[in-house]
Every structure is written in structure tokens, then in C-alpha cells.
There are 4 protein chains.
Amino acid sequence: MTESTSPDSGAPVQDIALIIGGGPGISSSCGRLFSEQGMRVGVAARDPDKPALQLLEKSHGVRRYGCDASHPDAVEQLFKNVVRDLGVPTLVVHNIDGRMQEIFRKGITEADPVFARDTLLNAAFSAFLIGQQAARLMLDNKPNANGAKGTIIFTNASAALKGFPNSGAFAMACHAKSGLAQSMARELMPRGIHIANVPIDAAIGWKREDGTRAHRLAGTTVDDNMVDPDRIAETYLQLHRQHRSTWAFEVVLRPWLEKW
Amino acid sequence: MTESTSPDSGAPVQDIALIIGGGPGISSSCGRLFSEQGMRVGVAARDPDKPALQLLEKSHGVRRYGCDASHPDAVEQLFKNVVRDLGVPTLVVHNIDGRMQEIFRKGITEADPVFARDTLLNAAFSAFLIGQQAARLMLDNKPNANGAKGTIIFTNASAALKGFPNSGAFAMACHAKSGLAQSMARELMPRGIHIANVPIDAAIGWKREDGTRAHRLAGTTVDDNMVDPDRIAETYLQLHRQHRSTWAFEVVLRPWLEKW
Amino acid sequence: MTESTSPDSGAPVQDIALIIGGGPGISSSCGRLFSEQGMRVGVAARDPDKPALQLLEKSHGVRRYGCDASHPDAVEQLFKNVVRDLGVPTLVVHNIDGRMQEIFRKGITEADPVFARDTLLNAAFSAFLIGQQAARLMLDNKPNANGAKGTIIFTNASAALKGFPNSGAFAMACHAKSGLAQSMARELMPRGIHIANVPIDAAIGWKREDGTRAHRLAGTTVDDNMVDPDRIAETYLQLHRQHRSTWAFEVVLRPWLEKW
Amino acid sequence: MTESTSPDSGAPVQDIALIIGGGPGISSSCGRLFSEQGMRVGVAARDPDKPALQLLEKSHGVRRYGCDASHPDAVEQLFKNVVRDLGVPTLVVHNIDGRMQEIFRKGITEADPVFARDTLLNAAFSAFLIGQQAARLMLDNKPNANGAKGTIIFTNASAALKGFPNSGAFAMACHAKSGLAQSMARELMPRGIHIANVPIDAAIGWKREDGTRAHRLAGTTVDDNMVDPDRIAETYLQLHRQHRSTWAFEVVLRPWLEKW
């Protein structure tokens, strides 16, 4: 079924990273770190002209793509463009959580079904589409020095671990993404693609105007009670570089003070 | 928030059951058992004229409704009709698993995105819509002798417990349903509605022409290696009758010989 | 390996129940209910002369046994005595949680290792010993009408679901019991013995002097925010009577208002 | 409760590592890597004169300690000696799985209770003792540059994730260790100690005579279907170096081809 391969003879591979769902948090941190590590990097977002992404292009040469990732044709076209511009991706990060103001924190009896449906399609169905295109391309890659043809990482949320009250639609989407990731891991890891699901079990720290990160929840006096997105990016890089003899599928990240 | 109520003073309540997703298996077993226990029962299906449902009406007086449960308006109308015909439901069973021949057992790279999307909407989004309508109505019910205003049961599958390879879309839908059920449980149980998620972790036995049940997988010689849907219905009835001091949220049912 | 059996031809079986870890809560509720259902019942406790157990003998003819269930020889002797007095058990309930005042709610740095060790042996190792003796005997039973040779139920606690702070030793013991139950389920269910693990995720209501049950936490005004042990006993009876085509392994019971 | 601390002002800390449960696999890999990273390293084992540990001392200056980690006094003495020789540990790895030939793969009805008890005490109770001593000392450490006072890592096994048949005692011990780790994480992470549980879900590759690692199961033709202990050590180092804003508690490691 799987043939004998010798990863150690794998030549160094030019890493090509694609980040879907761009913003000033995890995606920008990933964009910067991956570029600094010598990867060619693209970022896709519904609105690719957001200031954070323009900044990312300016500072690190990250290529920007516009894409509504809940549409099959749009996702197919995205990957065509990326292959044309950068090459076949070796690292894909799905970073859309689809959390909508309109539905979050609404009870099941009040939530608007239209927003519930959109949450499901934007966060979970898009993961299916991105995962599908990425897998199709990566299966033809040569294994790198760690024996991997590629890595697909799904950023996830607390709601993937536990269905909280007053956020039924979000719980559906996050659980769906975990179910997809598990299925893909069991299917694709034996074919050389590393799949990872990374629920971030806390609020994520934002960036101050002077470029430093805030890691303190408003009204508190203790540092580091929010997740630092630069550290998430580091974990993603470590996952990407794991040897195929020792792959992690799921890593939950949370700050030291988080209740769980 | 929740006021002191005294369930023991609750008068006997006429139970009204609605089963969504009708067929010859679990839904028919539930229809028969609930009727025999004195409930008024309705069953909804995309095609309400299936022989199994006609039989159910004939033998047990179960009322049939046509409904595409993945559409908000259709679900709203269904509940209006049920209230008009039978009264406000006290027991609702969501029994759609949305498994589609077209997508099941296909690898992520081959699966048709259209079917993946339909699986998600038919199995998971419909659960949101049904749960929403049921909750809205039940919250106005008086608590019965067990202190419950109503029970909502989600039939689920093995793929809710584990994302199997070559069925990513189904894993998404089943996980989504579990996430929704958990969120609803944490939200609605303290308001008097019992929510249950019941993954059936095995094949379900079918009915022979003579009315007896097959509980043996083809090619095997051992009895009872398939789940008997009449026993699932019994478990649902027990869940519905649990006292609110001692509610179960999740029950996984599997035959004695099943590997897990 | 497993031969074809026909449970439906199974003659009615005289049920013989043994409850280990006796007190005024779950064990007494089980003792009463099982007796009322026609079973011969025995109860074992370190101190079999507790008032609750004397009462149980008086009111329901439940036979009392003294046994320190963390000692192999004592457990072996217990089962010999039960077989001699009542017959081979068909239903065994392990109801020791080993919670010790001395260790509960102590931080890991303060907890006395001697009590930690005793907690592990009293709650978890005793489950191994009880499960072992019960399984040895039950495997020779004839299947009853539901196809079961016997049922072994482990009462468990919230700490089986989640390791709470300041109770490391209790978390160890409860998790250990779950691990044992899972292993026994996968091993013995295909041989005809139903194994169940039942974490009770809440405080258990006690009995008032007039015989009525308290189901309200002190200082609250809402009923049924504690688990009613009579309802737990009902669930145990339902588990024991499940048909082997549709067995539940784990059931978590909690009151409607419990946070989880 | 927790005061405001500023990890970034933390001076570089001399890392002191203690590995409990020494052998030629994970412990030796950790010993080598930690030494090469500039840590002072000690390793404790029931028999500290094993060839693998002698080699570790010779090649990397790792200090050896004899200790039966299931005895409170022995563990207390071990930590006293380590503090005296190396200083207060900042990284402690509990690497005892307690798997015994005598009990592994035996059915519950055949397993010798004495070995079951020893498995529980050697693998799980020792984790309590080691964790307790480590926590007591680390709480007085100053936070390092990542805001951590120390890291305690529990190596675990597949049986922590799932209770397999014919290994009930091992399932108990591994589950117990997970329960303890969870409890300690919730208790100690907010006090600055990073707790991690790392189930290795596969066989571990051994070392050939020429020093190279075997990562192929006997009789197979595919590389890397066993876990490489050097990669496990890398993951441990990454866990130890995570910033307290972004800690992982549990990481399951398995090879690409492993079924799960």
C-alpha cells in the first residue's frame, strides 16, 4: 500500500506556505515567521486589502490573495494562482474561525438561522475545501528530509473541545472542523501528509501601536493571560518540522492562568 | 435565574412526540413504542409517503409530515403544523444522519464538494433548526412529574466519536451535531429541557419480511452483532422519563461484539 | 471464538446481585430496588454493621458481608461466601470511591503520600479485584433472555471525567477505574458480560429522617440540584436489563442545574 | 492570588533536568539532548548501573541515581541528593511506564493481582511522588525568561487514551497518570509550573549496535513506523521552552503509519 521511502535521502525542499484567513493575529505572525525561515508565503482572505495584510506584504513580501473560502470554485482558483505564483504548497494553515458578532453569545432560541448556516459554511465547509485542494497537490510532492510531503494545520477554538452555552452554531463549526481534521489525519498521514488540529483555548493577545504585544486581559494585572500569536506560529513551525516517525495530531494551546 | 419549581406537583402531561427523519429503522421503532405508551406521535421526512411511514400511520396512527429539515422556513412550518394537529411537543427526536451514497467512503481528494456541503446541511444544520424550534416551544411547557419541560434527542453515529478515514464530510456532520447537542445541553438543561446525544456505534439491524428483526451481519454466524432499533427506542423512552435530578446527556449504544 | 447462541431461548434467570461499598446512598438504593425486583441481594462493606446496612437487611433481607476490598484474599473469600449463600452473581456493583477526608481538597504539595496510596488501592485496585472475581464466575453463567451472562457496574465520579485541582490522588483513582472499566468492556463484552462505567457528576442527595430525600444543595432554593440515588439505582437496573445487541458502556449522570 | 510578574526581566536560568526511569530509549535520548543544550542532567532508575546509563554518564556526564520511585522516602531522598549535586530541578521527566511482562497481555481473569498492584504503584503512584517533590521545589524557583518556574513531563502510553483488552492493570496505571497530570496542570500551571502529559501511541524504535536507530517494525518494509526517541526528546525540549502565554498540556506522538 505505502511503499518504502527513505526520507533521509530527500533533498532540501523549498517550503511554500499558504495561510487562509488573514488578519493581524495568527496569520500575520505565521506570515512573518515563515518568511523569516526562508519560505515563500501567500495569504488569502475575503478582503486581501486589509491593512494588516498590506503591511505583511510590505515587510515580508507575503503575497496576498482574495478568496471566499466557502465556495468550491474560489478555493480551486486560489490554489491554481498560488501554484502559478509560488509553487505547490508544502504548508497550509486554515485559520478561519467564522465567529460572527451576529450569532456569538446568542441563545439557541434567538440565533438567526442564516448566520448559523454561514458560520458552518465559512468555518467548517471552507476547511473541507482548503483541505481537499491542499491534499490533492501535496500527494504529488516528494517527501522532504523529515519524510513529509506537506503539512496541513487547522487553527481551532475552545468550542472544539466543549460545546459552550449560547454559541451552538460556533460549537457546531468548531466540532465539525475537528471531525474533518481527524478523518483527514487517519487518511492522509499514512500517505505522507501531516495533519494537525490546534484548538487555541483562550483569547489571543493583540498588537499595540508600538509593535509590542498585549498579553494581559483588560482589567487584570497579570501578564501573559492571553495567547501570544507569535508563539502559536512557533508551534506551527515545530509541527511542520516534526519527523514522520513522531507526529502530533492535536495540540491545545492555552495561557498559564486559563481555567479549563 | 431559575426559580424554585416543584416537579412532584406537576400534573400528568399528555406526551406529544415528533420524530424527524423517518424510515423503517429507528424512526419506525420510536413511532410504534411512543404510540404504545400513549403519546400522540408525528413523523417528518422529506418523503412522507415512504411505505414504512404509511405503515406506521396505519398500524399506530402516527401522523406524517413532509419536510426538508435543512430549510429554516420548512422547519418552522413543520412545528406550526404539529402544534396545530397534535399540540406542543414534549419529546423530539432528530434522526437524520445525512449519509449519502455519493460521498460515503470517498477519500478527501475525490469527494464532491457539493455532496459534502449537503451532508453538512442535511445532518447538522437541520439539527440546529429542529433544536431551535423545539426549544422555543418547550420552554413554555409546564414541567412534568419528572421536572422536565421536554426532551430533545439527537441520534448520532460512530463518526461523532472518531473521524474515520474516507468519510471526512460525514465526520464533520456528526461532530457538528455533537457540538450542537453539548451546547444546547449546557444552555437548556438548567432551563428544564433534557438534551441527549446518542451515537449508535454499529450497523443497525433491519426488519425481515415476516416482521422479525435481523441482528446478524451478513456472512457471520453470531446473533446480535447489529443494533436492534426497537432497543434504541426503549433507551430513548428511558431518557425521556429520567428525573431531572439525574439526567444523562450522552449514551453510546453498541452490540456486544462490536470493536471499538 | 464466540459461538452462536440464541439468547431468546434463555430460560428466566434468578438474578443475584452483589453491591460492594455499602452506605446510605447508592448502595442502599440499589439494595432496595434490586430486592423489590426479585433479586437475591448481598452487600459488602469494610464495616457491615453500619446502621444503613442493618436497616437494609431488616427491610429488604439484604445479606451483609464484611470485606476490605483492597485485599486479594478478602475479595476472593467474599465471592466464595456470596456463591455459597446466594449463588453466582449476575449483577455486581462496585461502589467504592475511596474519597478520603484526609486528602481531598489538598494541593499536591501538601497531600500525604500514604493517603494518596490508600486512595488508589481502595478505589481503583479494589475495582480490579472485584471485577476479576466477578468475571471469573460470570463467564460460566448461561446467557439470560437478553443474551447476557452478567453485568458489572462501576460507580465513578466527576474526577473520572476531568482531573480537578487539589485532588490529584482522587483524580488518579477515578481515572484508573475508568481505564480498567474500558479494558474490561473491550475484553468481556464480546464474551457476554456487560461492563458499565457510571460517573456521577454531582453531589448525591441524602435521606432525611422522615425517609424523604433531599435533592437541594444547602443554601439554594431550587429543587433537584443533587442527584437522587434512587434514580441512579433505576439506571443501573436499566443497564442490567439492556439487550446485548444494544449495550451502553458509559453513562454520566448529573442534575439539570449542574455546571459542566 | 497570583501576582504580576514580568518574565521578560527574568535572568537566564541554569537548567537542571532530572529524568526518572532510565533506559536506552527515551531517557537516554533526553539525557543526551538536555546535556547538549547546556543543562545539568541527572537520571534515576531502580538499577542505576544499567549499561545504557553508564554510557550516558560517560558520554554526556549525566549523573546517575538509584531510586525505587514507588516509595515516598526514596523519592524524597532522591530529590535531596539531586539538589545537593546539581541544584533545584527546572525540568523533570517521569518516564516509568511500569509495564510488566508478567501481566501485560493477560486477561482480567488470569492476571496476578500482585503484579496488577505493582503496576499501579510503580507507574502511577511513583508519578504522584515525583510530581509532589518536583512541585514543592519548583514553586520556589524564579520564573525564567519564558515565565516558567519549571516543567514536569509525564511520558505516557496508548493505554492512557484507550483501555485495551487484556491489559486492565496497565490501562489503570496509564489512565491514573493522565488523571494526575490533569489535576496537577490545573493546580500548578497558574502557579508557574508547566505540566505536560505525552502519550506515545506506538512502539518505540530501538538502537542498533552501530548507533543508528531502527524505526521499522520487524517484518515490515516501510521506514519510520516506530517512534524515534530522539524526536520525543526534541518535543520535550520544545515543551520546556514554551512561553507561559501558550502552553500545551497534552501531546500525543505517533508515527505516520500508526492506526488509531
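Start by selecting strand S7 (residues 247-254) in chain A together with S7(D): the two run antiparallel and are joined by 5 bridges. Strands here are DSSP runs of E with at least two residues, and helices are runs of H or I with at least four, numbered from the N terminus; two strands pair if DSSP finds at least two bridges between them. Pick out A:Arg254 next, whose bridge partner in S7(D) is D:Trp247.

A word on what you have open: this is a predicted model, where local features need pLDDT of at least 70 and side-chain atom pairs count only at pLDDT 80 or more, while totals for chains, interfaces and linings use all residues. Residues are numbered from 1 along each chain as its sequence is written, chains are lettered from A and ligands numbered from 1 in the order in which they are written, and side-chain values use heavy atoms, with hydrogens and water left out.

Now widen the selection to the whole D and A interface, where 42 residues of chain D are in contact (heavy atoms within 4.5 Å) with 43 residues of chain A.

Zoom in on D:Asp224 and A:Arg244, a salt bridge whose closest N and O atoms are 2.7 Å apart. The term means a side-chain nitrogen of Lys or Arg within 4 Å of a carboxyl oxygen of Asp or Glu, and the rule finds 2 across this interface.

To see what builds chain D's side, colour helix H5 (168-188), helix H6 (229-241) and strand S7 (247-254), each of which supplies at least two residues. S7(D) gives the most, with 8 residues.
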